[in-house]
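Student: I am new to this structure. Please take a close look at one part of it, the salt bridges, and explain what they join.

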Amino acid sequence: MVGAVQEAGVVVTGAGGGIGAALARRFAAEGARVVVNDLDAGRAEAVAEEIGGIAVPGDASAIVADARDALGGTIDVYCANAGVAFEDAGPGRPLDEKSWAVSWDVNLMAHVRAAHELLPEWLERGSGRFVSTVSAAGLLTMIGAPSYSVTKHGAYAFAEWLSLTYRHRGLKVHAICPQGVRTDMLTASGSAGDLVLRPTAIEPSDVADALFKGIEEDRFLILPHPEAAKYYQLRATDPDHWLANMNRLQQKWEETR
């Protein structure tokens, strides 16, 4: 694996903690040169100092040019990891449009904007790797998190589109779809996260391990929770059964609120 990323220029967005920090640590441990991005400059700088990386704080939608300069002109791997989640206010109190707009911008459009800037160089040289941290919510859904579920579906669809469109031109794409991960986002997911995600939650480092195994095996879909494949298959082959199961979870959640 070291040969695959050694000396590579890697960018990880949302890397001030959680999955992003774990990815940055793992890439650095494998010999990559890592740009650590986070909206929180202090957190980005702390992780960068820890791993010998370069902090490029700011909005994940607009850091490709600065990250490229920080890496000496070339980005080899881009990890679109930054994400936001908002819990639904409950029946009859839909999520506000501002929260929806932020979700679209961070969870999907940041990926689109980054790819737009990266693709010309990658296609010209015939190589590049785009890693999208999606979530199992992007394959399935998540109770109590409408904007997160919908925009993560979009992120997964965009990663699929990138892969099917450009794989013959040297682009490698990976979509990471974990269920619960012990991060600040899980803590913020409230009672829905406690019910659905926390019982099987894994560590951020487990997600990084799953990604590197997927890179080794040249796989698009990365499932740190292997059981998600069974749920994904059920959703595709028997959607009414799957929706009935999810609705039972919804009712159980409502009883606890």
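**Salt bridges in the chain**

Tutor: Arg26 is partly exposed, with 23% relative accessible area. The model is predicted, and in it the side chain of Arg26 meets that of Asp209 in a salt bridge, 2.6 Å from N to O. Arg26 belongs to helix α2 (residues 18-29) and Asp209 to helix α9 (residues 204-217), so this pair ties together parts 183 residues apart in sequence. Asp209 is also partly exposed, at 41% relative accessible area.

The structure holds 12 salt bridges. Another one of them is formed by the side chains of Asp76 and Arg125, at 2.9 Å from N to O. Here too distant parts of the chain are linked: Asp76 sits in the loop between α4 (64-70) and β4 (77-80), while Arg125 is in helix α5 (residues 97-125), 49 residues apart. Asp76 is partly exposed, with a relative accessible area of 23%, and Arg125 is partly exposed as well, at 32%.

A further salt bridge pairs Asp105 with Arg113, whose closest N and O atoms are 2.8 Å apart. Asp105 has a relative accessible area of 26% and is partly exposed; Arg113, at 32%, also counts as partly exposed. Salt bridges with shared partners join Arg68, Asp76, Glu121 and Arg125 into one network.

As for the charges of the whole protein chain, there are 23 positive and 33 negative side chains, and the centres of the two sets lie 4 Å apart. Side chains of opposite charge can pair when their charged atoms come close.

Methods. Residues are numbered from 1 along each chain as its sequence is written. This is a predicted model: local features need pLDDT of at least 70, side-chain atom pairs count only at pLDDT 80 or more; totals for chains, interfaces and linings use all residues. Side-chain values use heavy atoms; hydrogens and water are left out. Lys and Arg count as positive and Asp and Glu as negative; His and the chain ends are not counted. The place of a charge is taken as NZ of Lys, CZ of Arg, CG of Asp or CD of Glu. A salt bridge is a side-chain nitrogen of Lys or Arg within 4 Å of a carboxyl oxygen of Asp or Glu. Helices (H or I, at least four residues) and strands (E, at least two) are DSSP runs, numbered from the N terminus. Buried means under 20% relative accessible area, exposed over 50%, partly exposed in between (1.4 Å probe, protein chains only).
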